[in-house]
Each structure stands twice: as C-alpha cells, then as structure tokens.
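Work through the exercises below on aromatic rings. Try each task before you read its solution.

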Amino acid sequence: MSPLIPRAPLPAHLAGLPVVACDLDRTLIYSAKALYLEGPDHEAPRLVVSEVHEQLPLSYMTREAEDLLLELLDHSFLVPVTTRTRAQFRRVQLPRTRYAITTNGGVLLHHGQPDGDWAAQVRDAVDRGSAPLAEVLAHLGAKPAPGVQRVRTAEDLFAYAIVERAELPEGYVARLTAWCAELGWVVSLQGRKLYCVPAPVTKEAAIAEVMDRVGATTLVAAGDSLLDRGMLEMASLPLRPCHGELEAVGYLRDGLVVTSTPGVRSGQEILEAALAAVRVRT
C-alpha cells in the first residue's frame, strides 16, 4: 500500500488560492493526430513537446500554453487530472505541482508520491459500490467484439480496451454502457480507448479531496470527456474544448465556456480563460 502522507499546514501565502483542475489528453496536451491544424503551415502555432515515449515526441501544446501554465502556478493550485495511470502520467512533462490526480481519481499524488490514505478510501468505496474488476474483464474478453483489439487494466482499478472505432458494431458502446451500469460501472469512449470504470472512481471526488486539503472554495475545471463531466459540474468556472466526447453529446451548463477553436489551440484558450479567472480572485 502507498504510504500515508501527513497533511502539513499550508504556507500562509497559499491559503485560499483557487484550484485549477485540468484534464490532459485532448484538453491540455495533444497528439499529432489531434492537433487539428488547419490553414497554411506557416500560420500554425509554435509547438513544444509535452510528452516523450520510447524516445519519440508523442504529445504537444503551444508555446504560449506552456507560458500560461507557468503563470497559473503563481495564482492557483494547478492540478493535472487524468485517466492515465501513474506510469503514463510520468511521461508528461509539466511543471511540478503540489497535487496531481491520475487513474481517473483513483490515485492522488502529493509532491509526486501516491497518497496511501486516499488509495484506501477509493478501494473501500469500490468494494462497497461496484462489482469486481474480474467480472468486467471476463465480459470484455470472453468474446471480444469486432474492433476491440486488446484489453488492459489500470492499477487494478479499472479496464480499458484499445479499439478501432469504425469497426465497433453499431450499438456496442450503448449496450456495454447499460451492462456496466447494472454493476456500478461507467463507460467512456475517448479516441481509441474504451474505458470501463467503477462509478466511485471519479476525478471529482479526488478534486474535492484536494480542495479540502488546501482550503480552496473556488474551482476552475477543464475537460473534454464524459469522465470529466463531474468536475465540470462542481466548478465555479467550467471549461471545455469544442471537440471530444462532451461536444459530441452537446454538453452544456450555466457558466460553461466552450473554446472557439478545436485541437491544440483549445488548450491555449482554456488556459487563457483559467488564468483570467484566477487573476481576478488573487
């Protein structure tokens, strides 16, 4: 089990700062296929590499977005939030933050170290509220649907499948969603990954924990998928790009800000809006 991390008092200058919780893939960072660079090449924004995998660049953000991230650290608790596992998150080159959330809320990192107390809370909630992971894995692997290439697990908490979306049978995701719901699980299709996650494992629960620890009352949150919806619902300022799963279902709520451009420029727009909001409050 991860070590228990004592909650040391915050320095006085950090008390009351807002939390900015930002999803990573297709919200803050973008693969080459997701950049959505239209128009002449010479008008493309300057990019920086934000992730390297097997010695090759994998994800990017604009140079301006990187500068905005650094400035946000002076005005807020910046909290990266991702469905990635810890190992996948370590590949992403971001400024060091006090807190980060991985594994869709299943893991809370404090100064880069997993918090054992939070891990125990999550495991207990899953044991009480959801069917075992093995049951979902058996269902996914018993007779894989066309388009489902391989099934993996994330830190023994949830499952995800690598899929070819065009090859998935019509209605497959809807049927899987209904089946999982009866077991206390939720489903999300993001890019080529089809996630099956226990309902208690949420980004918003982990964000609420961070806000409690730092004494924050203001939350700015950004995300593009159905797994981000909960944290957008609890945010004082919710932000989302004009692409992704939430765009596809037409997600809206009062106060929601949607970017004007898709792809990597969305990440920059989101950070500009977040920084403008927290500057007002600090």
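**Aromatic pairs**

Y160 is buried, at a relative accessible area of 5%. The model is predicted.

**Exercise 1.** Find how many aromatic pairs there are.

*Solution.* Apply the cut-off: ring centres must lie within 6.5 Å. The count comes to two aromatic pairs.

**Exercise 2.** Classify the pair of F158 and Y195.

*Solution.* Start with the distance: the ring centres of F158 and Y195 are 6.1 Å apart. Next, take the angle: their planes stand at 65°. Planes over 60 degrees apart count as edge-to-face. The F158 and Y195 pair is therefore edge-to-face. Now place the residues. F158 lies in strand β10 (residues 158-163), and Y195 lies in strand β12 (residues 193-198). The pair therefore ties together parts that are 37 residues apart in sequence.

**Exercise 3.** Decide whether F158 and Y195 are buried or exposed.

*Solution.* Buried means under 20% relative accessible area. F158 has 0% relative accessibility, so F158 counts as buried. Y195 has 8%, so Y195 counts as buried.

**Exercise 4.** Classify the pair of Y160 and Y195, and locate its residues.

*Solution.* The centres of Y160 and Y195 are 5.7 Å apart, with 35° between the planes. That pair is tilted. Y160 sits in strand β10 and Y195 in strand β12. The pair links distant parts of the chain, 35 residues apart.

**Exercise 5.** Name the residues that form one aromatic cluster.

*Solution.* The cluster is formed by F158, Y160 and Y195.

Methods:
Residues are numbered from 1 along each chain as its sequence is written. This is a predicted model: local features need pLDDT of at least 70, side-chain atom pairs count only at pLDDT 80 or more; totals for chains, interfaces and linings use all residues. Side-chain values use heavy atoms; hydrogens and water are left out. Rings of Phe, Tyr and Trp (its six-membered ring) pair if their centres lie within 6.5 Å; planes under 30 degrees apart count as stacked, over 60 as edge-to-face and the rest as tilted. Helices (H or I, at least four residues) and strands (E, at least two) are DSSP runs, numbered from the N terminus. Buried means under 20% relative accessible area, exposed over 50%, partly exposed in between (1.4 Å probe, protein chains only).
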